[in-house]
Amino acid sequence: MRPRSALAFGLSLVLLLAGCADPARNPSQAGGPPPSAAATPPASKPTASPRPTRTTPPKPRLRPLPTTLPAGLHRSSGDRGVALTFDDGPDPRWTPRLLDQLRAAHVTATFCLIGSQAKRYPELVARIAREGHQLCNHSWHHDINLGRRPVAEIRADLVRTDKAIRAAVPNAKIPYYRQPGGRWTPEVVAVARQLGMRSLHWSVDPQDWDHPTAKTIAKRVASAVRPGAIVLMHDGGGDRRPTLAACQHLIPDLNRRYGISRLR
Ligand SMILES: [Zn+2]
C-alpha cells in the first residue's frame with residue numbers, strides 16, 4: 001500500500017469508527033424505537049469501503065462527537081425531589097398505562113417525545129399535556145447522530161418535532177430538548193437554546209431499554225437515586241412492561257422517600 005492510500009485508508013477507518021454506536025458512553029441510544037435510526041447514514045457510507053479509490057478522503061458529513069459532555073446540560077431536578085423523565089413515546093401500548101400510574105400517585109413527569117410518534121398519536125400528546133406533565137422534544141425520528149449534523153439540519157429536525165407536538169397541543173410549552181442516546185454536541189445544545197429549549201440530560205439511568213427485569217430496574221434506580229436526581233426511563237421504543245411494572249412500586253416509593261418534583 002502506497003503511503004497516500006495508506007493514509008486514506010487510515011482516515012477512512014477513523015471515520016468509520018467515529019460513525020459507530022458507542023454503547024458504553026451512550027447506553028440509552030438503544031432505547032430508540034427505529035433500529036434504522038442507529039445505522040450510519042448513507043452519506044457517510046463511502047468511508048466504510050475497505051479499498052478507497054480516492055486519494056483524498058471525502059469530507060466527513062458528521063462532525064466528531066466530543067469526548068466529554070458539553071456545557072449547559074440540565075442534570076438535576078432543581079430541588080431535593082426526584083424528577084421522572086420518560087423517553088421515546090408516545091406509544092399507545094405503554095404511555096396510557098404510565099399516565100394512569102402517575103395520576104394515581106398524584107405526581108407529574110416529563111415526557112421526551114419523538115416527533116413522528118407525536119404526529120401519529122396526537123391524542124396521547126394531548127392527554128400528557130392535559131394531565132399536567134412537562135413536554136420535551138426528543139427529535140423527529142430518534143436520530144442519535146443529530147448533534148453531529150449541519151446546524152441547519154439540527155434546527156429543521158427540532159422545529160419539525162416542535163410543530164408536531166404543537167399540532168396536537170396548540171401553544172404547548174416545550175421547555176426541554178433531550179438528545180437521543182445522550183450524544184450531545186455544543187451545536188445541538190445551542191440550537192435547542194435558540195429555539196427556547198433547555199438541554200435535558202439525566203443523572204440516573206437504569207437502562208430499562210436493555211430488557212432487565214422490573215426488579216432490576218427498580219433496584220438500579222433505588223441504589224443510584226439521590227436528592228435532586230433526574231431519572232431516565234422509557235415509555236416507548238420496545239416492550240415496556242418491565243418499566244411499567246417497576247414504576248408501579250418506584251413511583252410511590254420515590255415520592256415517599258424524596259418527593260417527585262417537576263423540573264425547574
Ligand atoms: Zn431516546
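**Core and helix packing in a predicted model**

Colleagues, I begin with the largest nonpolar core: among its 55 residues, Leu113, Cys136 and Val231 touch the most other members. Such a core is a set of buried Ala, Val, Leu, Ile, Met, Phe, Trp, Tyr and Cys residues joined through C-beta atoms within 7 Å. Buried means that 20 or more other C-beta atoms lie within 10 Å of the residue's own, with C-beta atoms placed from the backbone.

This is a predicted model, in which local features need pLDDT of at least 70 and side-chain atom pairs count only at pLDDT 80 or more, while totals for chains, interfaces and linings use all residues. Residues are numbered from 1 along each chain as its sequence is written.

Of the chain's 264 residues, 43% count as buried. Leaving aside residues up to four places away in sequence, Cys136 touches Thr110, Phe111, Cys112, Leu113, Ile174, Tyr176, Tyr177, Arg178 and Leu200; contact here requires C-beta atoms, placed from the backbone, within 7 Å.

I turn to the helices. The chain has 8 helices and 7 strands, taken as DSSP runs (H or I, at least four residues; E, at least two) numbered from the N terminus. The axes of helix 5 (residues 151–168) and helix 6 (residues 186–194) come within 10 Å, crossing at roughly 45 degrees. Val151, Ile154, Arg155 and Leu158 of helix 5 make the contact with Glu187, Val188, Val191 and Ala192 of helix 6.

Notes. Axes fitted to C-alpha atoms, helices over the stretch in contact; angles between N-to-C directions. Contact = placed C-beta atoms within 7 Å. Buried ≥ 20, exposed ≤ 12 C-beta atoms within 10 Å, placed from the backbone.
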